[in-house]
Amino acid sequence: MNKGRASALVAGSFDAEQFWRDPGASRLPTMPDKEREFIVGAMDELLFALCAEGDALLVRYGLPVAQHAYLYRLGYRFEANRTPLTSLALAPSSPRSVFALGLAAEAAPAVERLAPQGRRLSAYAVIPQLAEFAARYGLAADAPAYAAARAVNSKIYSHHLYERFGLISPGQIVASAEELRQAGEQLLAEGPFLIKDPYGVSGKGNLLIAAPSLLQRVVKHLLAQEQQGASTCFLLEPLLDKQTDFSCQFRIEADGRWTRLSVQRIINDAFAYLGSTQAEPALLAELEQAGYFALMERLAGELFKDGYRGHVCVDSMQLADGMIVPIVEVNARQSMGLINAGLDGYLSDFGLTGNLISLSLGYEQRLDYAAWLAELEREGLLFLPGRSSGLIPLAANALCLASQLAEAPPAPAGKLYKGRSYVCLAARTVAERALLLANYRQFLHSRRFTVYN
Amino acid sequence: MNETKLVLIEEIKKVLVEVRKNPELTANLSASTDIVNEIGLDSLQMISFILSLEDSFSIEIDFEQFDFDHLSSIGKLGDYIAGRLAEHE
């Protein structure tokens, strides 16, 4: 596990895009989703997959001892904070990043214990207060400037890359509600189209427009914000006949060299991320032949020229007619694909590969995570070294937190706790992983979980 | 249940099935179905659902102020929409 490098403090906030977004920009229609905020806040536990021996993991809500002990059984050796960084972190409306929380006096003892002077900071994304956090705790951050990271993560930047490469972008930019109306009407004449927020994320910030009435409604919604002083900027793209989503992970070193790390197929449920799985050799060969990787190398060069270095995940797709759309968006940060690649690295020692999936769940009773793990083990579903297949639960709080925050279980009449189960399906073959998922779904149904996806 | 309410409920069910892109869902929907807890729309599907309801019933819903209790059953949502339609009559 990466011998010879300084050990790292691994940390990050998975809702990086919300920090990059211009607060004065108009927003697409959105509805409050407190449960999603809780779950996204708890996703930082997934970063254990990027921890090497001797690293430390700083997580917003604290890593439950049962999960830490399970990961230890798997062979992961890292430290982690047990308790939430602050009691305020449990407030779902708290928009503060893990670094902002870590800077508070309340969290200092936990951070100082995990981050003795001289450690590196391995951050999921370059967000505000990362530099201040690193300086405060004497961590070597080696991160690009915040402004550069923010700029290259915009979908507008991704759009302009097509021009730089002499390619035609499938998208167009609109800078006002009126421009959206005009461009939208033209696009609708050909078919449905997507409105994308420059910093929209999977499942949030993209809107499919399939009818003139919907377009008019969104235009009206944006006009009202413009009248209050908001500026408008969106990317419009025709809804393409997509066959496959995939992503390419690479890293740009401090001297500009790029290292390709992995290619992952993305499994989506509508526009929301459902899972990742390593791309098969046939797809890699096809991409190589199509010049995709040469383009990724050029893209890495452009990012470096624009001041970015570090991890990158480029989302791409292949259309039903075989055409490759190489740049759907550039995510200049770590990613779910990278996490899945990390898990595959671990599983390769056992001759297995993994498939990272997330299931959205509803449940009635308070969930005890230790008991949950024990039950999975009793049922023979839990992966442990030496087993030829099994599922690896990746995050405890994303599943359990909602029920643990409620004071009086069971859930109020008629209400279900909401959680998300992130698991890696570890097995030798695609068929074995599919069977594992079917068994897991059956396990959930038999325990009266509602599975939403 | 009066005929107007039945029509509203059928229309809501149709919109839900379209948003979830799952025709098999039709058989599992009734007036008592809890849209939040049983269907589990994510935030994107929720906004698509509300927009589609606006379109289907020619009403306007304030996204930020919308009370999620209206989604605790298809029947309750039908009542809410009936109320909004009555405002326009």
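Guide: Domain bounds, as used below, come from an automatic or database domain assignment. This is a predicted model, in which local features need pLDDT of at least 70 and side-chain atom pairs count only at pLDDT 80 or more, whereas totals for chains, interfaces and linings use all residues. Residues are numbered from 1 along each chain as its sequence is written, while chains are lettered from A and ligands numbered from 1 in the order in which they are written.

Visitor: How many charged residues are on the side of domain 1 of chain A that touches domain 3 of chain A?
Guide: Chain A is divided into domain 1 (8-151), domain 2 (171-238), domain 3 (241-332) and domain 4 (346-451), and the C-alpha centres of domain 1 and domain 3 of chain A lie 25 Å apart. Each of these two domains gives 7 residues to their contact, contact being defined by C-beta atoms, placed from the backbone, within 7 Å. Classes count Ala, Val, Leu, Ile, Met, Phe, Trp, Tyr, Cys and Pro as nonpolar, Asp, Glu, Lys and Arg as charged, and the others, Gly among them, as polar. On the side of domain 1 of chain A, 6 residues are nonpolar, no residue is polar, and the number of charged residues is 1.

Visitor: Which residue in the turn of the hairpin of S12(A) and S13(A) has a positive phi?
Guide: Strand S12 (residues 310-319) of chain A has 9 of its 10 residues buried, buried meaning 20 or more other C-beta atoms within 10 Å of the residue's own, against 12 or fewer for exposed and a count in between for partly exposed, with C-beta atoms placed from the backbone. S12(A) pairs in the antiparallel sense with strand S9 (residues 242-252) of chain A over 10 bridges, Phe250(A) facing Val312(A). With strand S13 (residues 324-331) of chain A, S12(A) pairs in the antiparallel sense over 5 bridges, Val314(A) facing Val330(A). The hairpin of S12(A) and S13(A) leaves 4 residues between the strands, and the turn residue with a positive phi, about 95 degrees, is Gly322(A).

Visitor: What arc do the buried residues of helix H2 of chain A cover around the axis?
Guide: In H2 (residues 34-42) of chain A, the buried residues are Glu35(A), Phe38(A), Ile39(A), Gly41(A) and Ala42(A). They lie on the same side of H2(A) because the arc they cover around the axis is only 160 degrees. The arc is that of the directions from the helix axis to the C-beta atoms, and its value here is 160 degrees.

Visitor: Is Leu381(A) exposed or partly exposed?
Guide: Leu381(A) sits in the loop between H14 and strand S15 (390-393) of chain A. Leaving aside residues up to four places away in sequence, Leu381(A) touches Leu376(A), Gly390(A), Leu391(A), Asn439(A), Tyr440(A) and Phe443(A); of the pair Leu381(A) and Asn439(A), the C-alpha atoms are 7.9 Å apart, although 58 residues separate them in sequence. With 19 other C-beta atoms within 10 Å, Leu381(A) is partly exposed.

Visitor: How many residues of chain B does the contact with chain A take?
Guide: The contact takes 23 residues from chain A and 18 residues from chain B. Elements giving two or more residues to the side of chain A are strand S7 (204-209), helix H10 (212-227) and strand S14 (353-363) of chain A. That side of chain A divides into 11 nonpolar, 7 polar and 5 charged residues, whereas the number taken from chain B is 18.

Technical notes
Two strands pair if DSSP finds at least two bridges between them.
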